[in-house]
Amino acid sequence: MFEDISQSGDGGLYAELLQNRAFQQVTPNTAAALNAWHSINGASLSVLADPIPVSSALPNSLQVTIPTGITGPVGVGNEGYFGIKVAAGSTYTASFHYRFPTASSFKGRITVGLQTAAGKSLVSTTVPIAAASTAWTLVNVTLHPTTSAATTANNFTVTLDGAAASGQTVHFAFFSLFPPTFKNRPNGMRVDIATTLAEMGPSFFRLPGGNNLKGQIPSQRWQWNATVGPLINRPGRVGTWGYINTDGLGLMDYLNWCEDLGMQAIMAVWSGFTLSGTSIAEADLGPFIQQAIDQINFVIGDPAKSSAAALRASLGHPAPFKLNYVEVGNEDFFGADTYTYRWHDIVTALTAEFPRLNFIATSNTFNPILSPNPLQYDIHEYNTPSWFAQNSFFYDGFQRNATKYFEGEYAAISTNSSDVFGSPADGRLLFPTMQSATGEAAFMTGIERNSDIVFSASYAPLLNHVANTQWTPNLVSFDAGNVYRSTSYYVQKLFSLNRGDAYIPSTLPTPSGTLFWSVARKNATQQIIIKISNTMDTVAPMTFVLPFTVVASTGTAQVLTGAGTASNSPTTPNLVSPKTSTIKTGKKFSYTAPGFSFSVLTLVAH
Ligand SMILES: [NH3+][C@H]1C[C@H](O)[C@@H](O)[C@@H]1CO
């Protein structure tokens with residue numbers, strides 16, 4: 001599950017290193033407009049609504065005035081998203097637009113570089129500039145540091161020589177700085193975060209949110225068409241998590257990412273309801289339904305029949321992307337009273353256009369009753385570790401009536417059942433623990449047992465930058481230089497990479513107990529896979545009696561275990577990680593699950 005929360009996209013998975021790179025959605029002539037930028041050696045800076053904007057989508061530019069009487073480099077620096085990692089051997093691609101507001105005979109040189117916060121140059125290059133016209137000029141440079149910075153406290157800098165450029169005023173727009181990206185995709189993903197996510201072997205990517213789809217007001221909703229095409233034409237938007245979204249990571253980038261990981265998108269369309277509780281009146285839904293039709297056509301439409309699909313083709317992907325599920329809104333139980341007509345009108349129109357798609361409802365299951373009858377519901381659950389351990393049979397009681405379920409967001413987030421969404425002082429977890437991860441694992445054994453009706457599940461939120469976090473805990477944390485794999489991350493990865501092909505019934509765990517398991521069969525290797533969650537701090541001796549003809553005498557155990565409060569975090573990044581060992585197995589064998597552990601036992605048995 002992905003949304004731009006806690007800098008998951010901008011400053012996270014999206015590899016752009018500069019924060020506030022294009023002064024999008026800021027108010028000119030305010031200090032906030034200069035967020036993440038600072039003056040170097042006395043340059044005077046201000047963000048202005050440029051009389052000649054670099055594009056209609058990017059109306060603001062940075063005015064830099066070189067004062068008289070100053071020597072040495074003078075200009076502007078950007079501190080990135082709470083730091084910039086500078087690695088020797090990496091090629092950094094930088095770009096920016098500049099123009100002189102007044103034409104003159106001035107000729108000079110701009111120095112573009114990376115330097116430590118203390119001002120030590122790590123790498124730099126210079127390019128000639130001239131004030132011959134007031135038009136915009138695009139500058140592209142590459143930077144090749146030969147030494148790695150000791151920390152991520154580094155800045156991107158653009159400077160002129162103070163003496164030579166004394167008194168000059170230059171406008172800059174749309175800066176950008178990229179490190180190498182995952183699979184070298186232009187405008188791509190940060191390699192270490194992308195690699196961490198790819199390691200889970202995910203099947204789908206839910207986008208674009210979560211609350212960040214909805215907007216506080218209709219004009220701030222996520223709009224697919226504002227997020228595709230050349231970056232210079234993307235205005236960005238005020239995200240719902242307290243920071244501006246550049247939309248540099250847009251729908252096409254999400255879809256390319258899905259293809260790079262072999263995932264399908266589970267894509268949401270806006271459902272006419274905002275976080276502030278505004279519902280679009282039924283009579284006014286038309287344009288929003290059309291926008292949803294265009295959004296889906298962008299993903300799977302025929303370029304010969306749809307302009308949105310033709311746009312996709314023009315951006316390099318004439319074939320449709322893989323899409324089977326479209327979600328209508330997010331957590332519309334908050335807008336249940338109007339979801340009845342919003343669901344009806346949206347799904348009636350979308351089904352007519354795309355009869356093969358499956359539409360997911362986001363209200364509470366069968367409450368209210370919707371028409372057409374949803375065949376999929378998205379269920380979200382945030383609760384305590386013990387709630388998840390005690391509710392591993394949550395789906396066992398669901399009617400088998402052709403309805404399928406998407407556990408679209410779930411996580412054990414607090415140890416305080418009377419204030420689950422409270423603060424860390426009140427039991428909220430900052431990072432997943434072994435207690436929370438084993439609670440989730442217990443719940444997931446139930447999802448596996450009920451995989452006839454639960455077609456997908458995703459922990460949420462996926463990512464957070466530890467320097468700007470609006471929600472905890474998260475599956476994967478990161479800062480400018482590191483990625484932190486949580487205990488829950490390892491549970492998700494172990495479940496994902498050991499899914500098997502079919503569930504095998506076994507002795508059922510005790511629903512109110514503390515030990516939970518599920519068994520799957522992997523056809524190609526004739527193996528069974530036994531997943532065991534021990535949600536208590538005491539060891540759990542188990543005996544397995546297998547009714548198979550052939551059972552190997554040894555198998556593999558992958559075990560994640562640690563103290564109940566153990567977390568992987570910036571201070572203890574690798575406190576807990578899975579360990580693999582060989583175990584003795586047979587038609588009857590014993591296994592002792594450690595306290596607070598999640599085990600995956602794999603052995604040949606058929
Ligand atoms: N409150 C959660 C529910 C919403 O869908 C997400 O944006 C939030 C964080 O995962």
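Visitor: In S30, which residue is the bridge partner of Val559?

Guide: Please note at the outset that this is a predicted model. In general, strands of a sheet pair through backbone hydrogen bonds, either parallel or antiparallel. Here, Val559 has Ser599 as its bridge partner in S30. That pair belongs to a set of six bridges between S27 and strand S30, residues 597-604, which run antiparallel.

Visitor: With which other strand does strand S27 pair, and in which sense?

Guide: Strand S27, residues 554-561, also pairs with strand S28, residues 579-584, in the antiparallel sense and over six bridges.

Visitor: Why is one side of S20 and of S22 left without a neighbour in their sheet?

Guide: The sheet in question is open, with three strands in the order S20-S21-S22 and mixed pairing. Strand S20 (463-465) and strand S22 (483-485) are at its edges and have a single partner strand each, so one side of each lacks a neighbour in the sheet. Ignoring direction, neighbouring strands here are turned by 25° against each other on average. Strand S21, residues 476-478, runs antiparallel to S22 and is joined to it by three bridges; Ser477 is found opposite Tyr484 in S22.

Visitor: Which helix packs on that sheet?

Guide: Helix H1, residues 191-198, does so, touching S20, S21 and S22. The direction of H1 makes about 20° with that of S22.

Visitor: Where are cis peptide bonds found in this chain?

Guide: The omega angle describes the peptide bond. Another cis bond joins Gly209 and Gly210, with omega of about 25°. Gly210 is in the loop between strand S11 (204-207) and helix H2 (211-214), and Gly210 is also one of the residues around the ligand.

Visitor: Which other residues are around the ligand?

Guide: Among them are Glu3, Asn211, Trp241, Asn330, Glu331, Tyr382, Glu409, Pro461 and Trp471. A polar side-chain atom of Glu3 is 2.4 Å from a ligand oxygen atom. For Tyr382, a polar side-chain atom lies 2.8 Å from an oxygen atom of the ligand, and an N or O atom in the Asn330 side chain is 2.9 Å from a ligand oxygen. The ligand taken alone exposes 290 Å², of which the protein buries 94%.

Visitor: Which residues does the UniProt domain annotation cover?

Guide: According to the unreviewed UniProt entry, the annotation "domain: Alpha-L-arabinofuranosidase C-terminal" covers residues 408-597. Over residues 408-597 the chain is 14% helix and 35% strand, with the end C-alpha atoms 24 Å apart.

Notes. Residues numbered from 1 in each chain as written. Predicted model: local features only at pLDDT ≥ 70, side-chain atom pairs only at ≥ 80, totals over all residues. Heavy atoms only, no water. Pairing = 2+ DSSP bridges. Helix = DSSP H or I, 4+ residues; strand = E, 2+ residues; numbered from the N terminus. Axes fitted to C-alpha atoms, helices over the stretch in contact; angles between N-to-C directions. Contact = heavy atoms within 4.5 Å. UniProt positions renumbered as here; feature names shortened; annotations may be inferred. Near = heavy atom within 4 Å. Polar contact = N/O pair within 3.5 Å; in protein donor to acceptor, adjacent residues only side chain to side chain. Areas by Shrake-Rupley, 256 points an atom, 1.4 Å probe, with all protein chains shown as cover.
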